[in-house]
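Student: I have a structure open and some labels attached to it. I would like to know what stands behind each label.

Tutor: Then let us take the labels in turn.

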Amino acid sequence: MFDRIPISAWIGIVSTSLFLLAALLAPLLAPYPLTEIVGGVWEPMSAKHWLGTDNLGRDLLSRMIYGARTTIFIAAVATILSFSLGSILGFSAAVIGGWLDQALSRFVDLIMSIPTLIFALVVLSVLPANLLTLILVMGLLDSTRVYRLSRAVAVDINVMDYVEAAKLRGEGRGWIIFREILPNALSPLVAELGLRFIFQVLFLSTLSFLGLGIQPPEADWGGMVKENKDGIVFGIPAALIPAAAIALLAISVNLVADWILNRTTSLKGGRGG
Amino acid sequence: MSSPVLKLVAQRLSLGILLLFAVSILIFVGTQILPGDVAQAILGQSATEQALANLRRDLGLNDPAYVRYLNWLGGVLTGDLGTSLANGTDIAEAIGRRLFNTLFLAAVAAIVAVPLSILLGLLAVRYRNRWPDKMISAVTLASISLPEFFIGYLLIFFVAVQLGWFPSVATVFDGMSFGQRLSAVALPAATLTLVVLAHMMRMTRAAILNVMQSAYIETAELKGVSAFDIIRKHAFPNAIAPIVNVVMLNLAYLVVGVVVVEVIFVYPGMGQYLVDHVAKRDVPVVQACGLIFAAIFIGLNMLADIIAILTNPRLRHPK
């Protein structure tokens with residue numbers, strides 16, 4: 001299966017793996033501790049501090065590596081939450097139908113009629129500022145999109161002959177959802193997974209950049225942009241490094257997701273080619 | 001204008017208004033979902049009993065929720081958005097000027113982004129699968145992945161700091177000439193343009209390609225019409241409705257993207273105001289700003305629907 005992977009997908013896979021590796025091995029890789037002040041403020045890049053130091057004199061490279069861990073971990077948990085919730089509700093709505101489908105779908109319409117960022121800001125203005133809140137808000141808001149996709153996919157599958165057959169032989173709803181619909185809905189959902197993860201990375205970074213995400217001294221990349229943004233007007237590019245890392249991670253995952261999308265659609269007889 | 005069209009438009013309008021009411025309830029409920037006491041959350045754990053009681057009275061927390069909602073809604077409908085908890089100023093007054101600033105910024109960005117993205121979308125279709133198309137899709141993929149602040153700070157770093165062409169902080173004040181104002185918002189507007197350009201371009205391209213695969217286009221090709229004439233005479237008129245839809249959706253996105261861009265450039269608009277007061281847990285301001293942003297968003301989406309109905313006769317007879 002490895003002989004026909006296009007070069008763009010390779011680039012995506014390699015660089016995504018590097019990011020994941022940095023996140024997993026953060027304490028081993030980082031040359032300095034996360035919060036220790038090891039030099040002057042905004043020192044330029046040097047052999048001692050590869051990426052220079054930040055606004056308080058902490059090693060930027062170490063913070064970038066720990067930041068990878070925070071960013072990827074939170075985005076991944078939020079993605080898993082939004083996927084489990086969105087797809088289970090979406091499949092149930094499609095299989096059960098009736099008032100449940102109506103109520104869920106109209107509620108999702110309502111939530112999606114408000115821009116996600118605005119609604120998140122409204123809710124975060126009263127909720128306590130901690131990690132759990134953040135993950136819940138990110139995951140729940142995004143599950144609306146997963147709900148729409150999985151409901152649409154499941155509605156199509158629900159009328160297939162094999163599902164009819166399963167219903168006629170008296171299988172329960174749990175069987176229909178998990179044994180008939182889930183395996184057949186998997187490939188469009190997996191392709192969507194990458195895109196949702198990117199969205200969560202960007203969303204978390206935006207919230208942290210606005211000062212409403214991860215609270216200092218912990219740092220994710222968006223928060224590091226915020227910490228170092230005042231240096232920009234003095235010509236100090238420290239804030240650009242975490243911002244570039246976010247962009248690079250997003251592009252890498254995008255390349256992989258694109259490849260999976262093309263692969264799964266071509267398996268189904270070139271649909272959407 | 002025939003009456004079925006009017007009826008459809010009236011339907012969309014009333015649906016939009018209904019949605020807006022539902023959204024106002026959602027925003028109100030969203031600020032009440034805290035499992036504890038809002039006053040406690042605002043003042044923190046160390047607040048005295050007296051301060052808590054005062055704040056509860058000021059917020060009207062002693063009334064039941066639906067009374068508070070109706071009071072708030074009544075105020076909003078009569079232009080009274082309440083007063084800020086943080087500094088006691090009148091919210092409607094503070095929002096007025098900022099709303100103008102925000103809309104000005106979004107409008108400048110839209111005036112540049114809309115024609116540019118349609119033109120590039122058309123180019124991509126004209127040279128489909130050749131290098132202009134491939135370059136455009138590569139750039140699109142990249143720019144969809146870029147956070148707004150990366151583009152914004154790149155522009156500040158290179159254009160404002162290194163080259164010194166525009167100010168890095170978008171300060172606007174009363175009595176500024178139009179030209180000065182335009183120069184102040186140049187970089188924020190450029191950032192916004194770059195953010196939405198890729199989306200609009202890609203969706204324009206998809207809309208036109210969709211039309212290009214119709215039978216009447218094939219007929220035109222077979223009778224020997226030139227490629228540009230096919231796009232101009234056959235594809236474009238049919239693609240207007242989807243393109244208008246794309247433009248409206250992105251304008252709605254623009255109004256939201258403005259939040260981050262205003263913070264980057266310290267621009268005195270609605271977004272900056274909202275973010276500042278979220279951090280201060282200033283609930284009345286957050287509710288008011290949230291509602292206004294949602295209203296603009298819903299309004300633009302509704303407008304997209306109505307324009308689609310007006311420009312595409314096929315949508316007037318829904319089956």
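Student: In what order do the elements of chain B run from the N terminus on?

Tutor: This is a predicted model. In it, chain B runs α-α-α-α-α-α-α-α-α-α-α-α-α from its N terminus. The total is 13 helices and zero strands. Along the principal axes, the C-alpha atoms of chain B fill a box of roughly 85 × 60 × 40 Å.

Student: How many of the residues of chain B count as buried?

Tutor: Of its 319 residues, 37% count as buried. As for contacts in chain B between residues at least 6 apart in sequence, 71% join residues at least 24 apart.

Student: Why is B:Arg281 called buried?

Tutor: The cut-off for buried is 20 or more other C-beta atoms within 10 Å. B:Arg281 has 21 of them, so it is buried. Its place is in the loop between helix 12 and helix 13 (283-311) of chain B. B:Arg281 also has a positive phi, about 55°, although it is not a glycine.

Student: And what makes B:Val266 count as exposed?

Tutor: Exposed requires 12 or fewer such neighbours. B:Val266 has 12 C-beta neighbours inside 10 Å, so it counts as exposed. This residue lies in the loop between helix 11 (227-264) and helix 12 (270-279) of chain B.

Student: Why is B:Ala186 called partly exposed?

Tutor: Partly exposed covers the counts between those two cut-offs. B:Ala186 has 18 other C-beta atoms within 10 Å, and is therefore partly exposed. B:Ala186 belongs to helix 9 (residues 186-212) of chain B. From B:Pro167 it is 19 residues away in sequence and 8.8 Å away in space, C-alpha to C-alpha.

Student: Which residues have the most contacts inside the largest nonpolar core?

Tutor: They are A:Leu121 and B:Tyr153, in a core of 140 residues. Helix 11 of chain B gives the most to this core, with 18 residues. A second, separate core has 15 residues, including A:Ala93, A:Val146, A:Tyr147 and A:Ala185.

Student: What is B:Tyr153 in contact with, leaving aside its neighbours within four places in sequence?

Tutor: Contact here takes C-beta atoms within 7 Å. The partners of B:Tyr153 are A:Lys229, A:Ile232, A:Ala239, A:Leu240, A:Ala243 and B:Ile264.

Student: How many residues does the contact take from each chain?

Tutor: Chain A gives 38 residues and chain B gives 39 residues. On the side of chain A that touches chain B, helix 5 (116-124), helix 8 (173-209) and helix 10 (240-267) of chain A each supply at least two residues. Helix 10 of chain A has the largest share, eight residues.

Student: And what is that side of chain A made of, by class?

Tutor: The side of chain A that touches chain B has 30 nonpolar, seven polar and one charged residues.

Note on methods:
Residues are numbered from 1 along each chain as its sequence is written. Chains are lettered from A and ligands numbered from 1 in the order in which they are written. This is a predicted model: local features need pLDDT of at least 70, side-chain atom pairs count only at pLDDT 80 or more; totals for chains, interfaces and linings use all residues. Two residues are in contact if their C-beta atoms, placed from the backbone, lie within 7 Å. Helices (H or I, at least four residues) and strands (E, at least two) are DSSP runs, numbered from the N terminus. Ala, Val, Leu, Ile, Met, Phe, Trp, Tyr, Cys and Pro count as nonpolar, Asp, Glu, Lys and Arg as charged, and the others, Gly among them, as polar. A nonpolar core is a set of buried Ala, Val, Leu, Ile, Met, Phe, Trp, Tyr and Cys residues joined through C-beta atoms within 7 Å.
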